[in-house]
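This report covers a predicted model.

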Number of protein chains: 2
Amino acid sequence: MSEKPAKLPDHQRVYRKLREMILFGELAPGQPVTIQGLVGVLDVGMTPVREAIRRLTSEGALIFKGNRRVSVPQPDLAQWNEIAFARLSIEPELARLATKNIGPSDLERLVEYDDQLNASIDRGDVRGYLENNYRFHAYLYDLAGTEVLSSIANMLWLRAGPSLRVVLGRYGTANLPDKHAEAMDAMRSGDGDRVAAAVRGDIEQGIAQVRETLLVEKI
Amino acid sequence: MSEKPAKLPDHQRVYRKLREMILFGELAPGQPVTIQGLVGVLDVGMTPVREAIRRLTSEGALIFKGNRRVSVPQPDLAQWNEIAFARLSIEPELARLATKNIGPSDLERLVEYDDQLNASIDRGDVRGYLENNYRFHAYLYDLAGTEVLSSIANMLWLRAGPSLRVVLGRYGTANLPDKHAEAMDAMRSGDGDRVAAAVRGDIEQGIAQVRETLLVEKI
DNA sequence: AAGGTATTTTTTTGATCAAATGTCGCGGAT
DNA sequence: ATCCGCGACATTTGATCAAAAAAATACCTT
């Protein structure tokens, strides 16, 4: 009880932990999630676990499977298109709004995330790629200072994460044209529209990759 | 214990109950919500109440106030504009998608809701207006068969509900041009674009009403 | 007699509660 | 105005009960 200066309620810790597990593919689509299983793994009572699961469920990161079981959802093509539509409606706008709030230190931070992202790609490290890609976008959207839109975007990332993980894990992180560089270039000139466009391109790229896979098989 | 054929877990019952209370203005913006208070009112243990509150919180229908207290949020103008942007991005599209799935019995149902809505207006019954307006939209969006987009729309309604309630409660339900009639007319001819446009107009109307109030004062 | 199906038993998991614990805020005393 | 203690409330746990899945057993059909 000495290495944790931050005192956070258990249910929040569990929520964040689970959230990351989903976001970065530690839980595969279709995989069942049980309360008592997590109680064993995370070493907390069941109430905090219950709450975390409930919360994730209401965010669409988990779904009720049949009669009281929850699992990581497995979007089909139609659902993936919904996610795509929503993301493309919200995220470029977030990027545009964020642009005017980007300070030098923020840009530095974004560059750092992007560097780590590229390092992950070179290493073929899918988890690292997903993590840094998420950080990049999350940090940017956060700068928009828009609570409502950001929470929607976060929800959508939770839904998109597992599928992305599967596809990238299979086909590797290579051949991903780097739209982040373009976005950051536009940030430097404060051109919100261009930032939005770059982000849109970035998103479309990931979406297309999953979509092509879904056209052929269930993942 | 015989008049309840449906056996629903407590936490879901509580969730729905609370949800309705927020959606239809039984809880005013800014009003604090305590676990133990609800335990007394709803006659259940605190675990189900906790979960319901947690769920609503993650949907933005409630917010953490200060240090561990939750209350009904009170959007300022900036947040209201976010809600507006998101709703206008999502809901017309939902309406468009729904159009091709509307059968005769569905249309009948929508007409019924709209009739009750108009009756509520004539009666000056704000709660009834909100309830039937919600039913109308929810039923329509449900026909789109799009789980992801519908859940976002629901989230947004939860955020918009309390503010709408305040404004309508103050200025009455009069002078609301009926965009529903136009929407239903378009449905009959199967014109998705026109349905979408009508719904957009309907939403814009409600949004504007709140926005004008927020320009002047905090509600 | 073998295979598969129905039935029961066992085990796993979820739902709820009541009590123990800790924390924060408020109000009175200095 | 500041400090301290009281009370209200949130948080967490562990126990208990209920429900469902999984496993084991028995039964029937061919």
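## An exposed loop residue

B:Asp43 counts as exposed, because it has 8 C-beta neighbours inside 10 Å. The classes rest on C-beta atoms placed from the backbone: a residue is buried if 20 or more others lie within 10 Å of its own, exposed if 12 or fewer, and partly exposed in between. B:Asp43 sits in the loop between helix 2 and helix 3 of chain B. Its phi is positive, about 60°, although the residue is not a glycine.

A:Asp43 lies in the loop between helix 2 and helix 3 of chain A. A:Asp43 also has a positive phi of about 60° and is not a glycine. With 8 C-beta neighbours inside 10 Å, A:Asp43 counts as exposed.

## Conventions

Residues are numbered from 1 along each chain as its sequence is written, while chains are lettered from A and ligands numbered from 1 in the order in which they are written. The model is predicted, so local features need pLDDT of at least 70 and side-chain atom pairs count only at pLDDT 80 or more, whereas totals for chains, interfaces and linings use all residues.

## Helix 2 of chain A

A:Leu38 belongs to helix 2 (residues 35-42) of chain A. Is A:Leu38 buried or exposed? A:Leu38 is buried, with 21 other C-beta atoms within 10 Å. A:Leu38 and A:Leu23 are 15 residues apart in sequence, and their C-alpha atoms are 17 Å apart in space.

A:Ile35 is also in helix 2 of chain A. A:Ile35 has 16 other C-beta atoms within 10 Å and is partly exposed. Leaving out residues up to four places away in sequence, A:Ile35 touches A:Met46, A:Val49, A:Arg50 and A:Ile53. Contact means that the C-beta atoms of two residues, placed from the backbone, lie within 7 Å. A:Asp114 is 79 residues from A:Ile35 along the chain, and 36 Å separate their C-alpha atoms.

## Fold of chain A

Chain A has nine helices and three strands. Both are DSSP runs numbered from the N terminus: helices are H or I with at least four residues, strands are E with at least two. Along the sequence the pattern is α-β-α-α-β-β-α-α-α-α-α-α. The radius of gyration of chain A is 18 Å, close to the 17 Å that the globule rule gives for 219 residues, so chain A is as compact as a globular protein of that length. That radius is taken over C-alpha atoms, and the rule is 2.2 Å times the number of residues to the power 0.38.

The C-alpha atoms of chain A fill a box of roughly 50 × 50 × 35 Å along the principal axes. Buried residues make up 40% of the 219 residues. Of the contacts in chain A with a separation of 6 or more, 73% join residues 24 or more positions apart.

## Two domains

Chain A is assigned domain 1 (10-71) and domain 2 (77-216). The bounds come from an automatic or database domain assignment. The domain centres, taken over C-alpha atoms, are 24 Å apart.

Ten residues of domain 1 are in contact with 14 residues of domain 2 in chain A. The domain 1 side has seven nonpolar, two polar and one charged residues. Here Ala, Val, Leu, Ile, Met, Phe, Trp, Tyr, Cys and Pro count as nonpolar, Asp, Glu, Lys and Arg as charged, and the others, Gly among them, as polar.

## Chain A against chain B

Two copies of a chain are related by a rotation about an axis and a shift along it.

In the interface, 23 residues of chain B are in contact with 23 residues of chain A. Helix 3 (46-58), helix 4 (77-99) and helix 7 (147-171) of chain B each supply at least two residues of the chain B side. Helix 4 of chain B gives the largest share, eight residues. By class, the chain B side divides into seven nonpolar, seven polar and nine charged. The copies meet through the same surface, because 100% of the interface residues of chain B are also interface residues in chain A.
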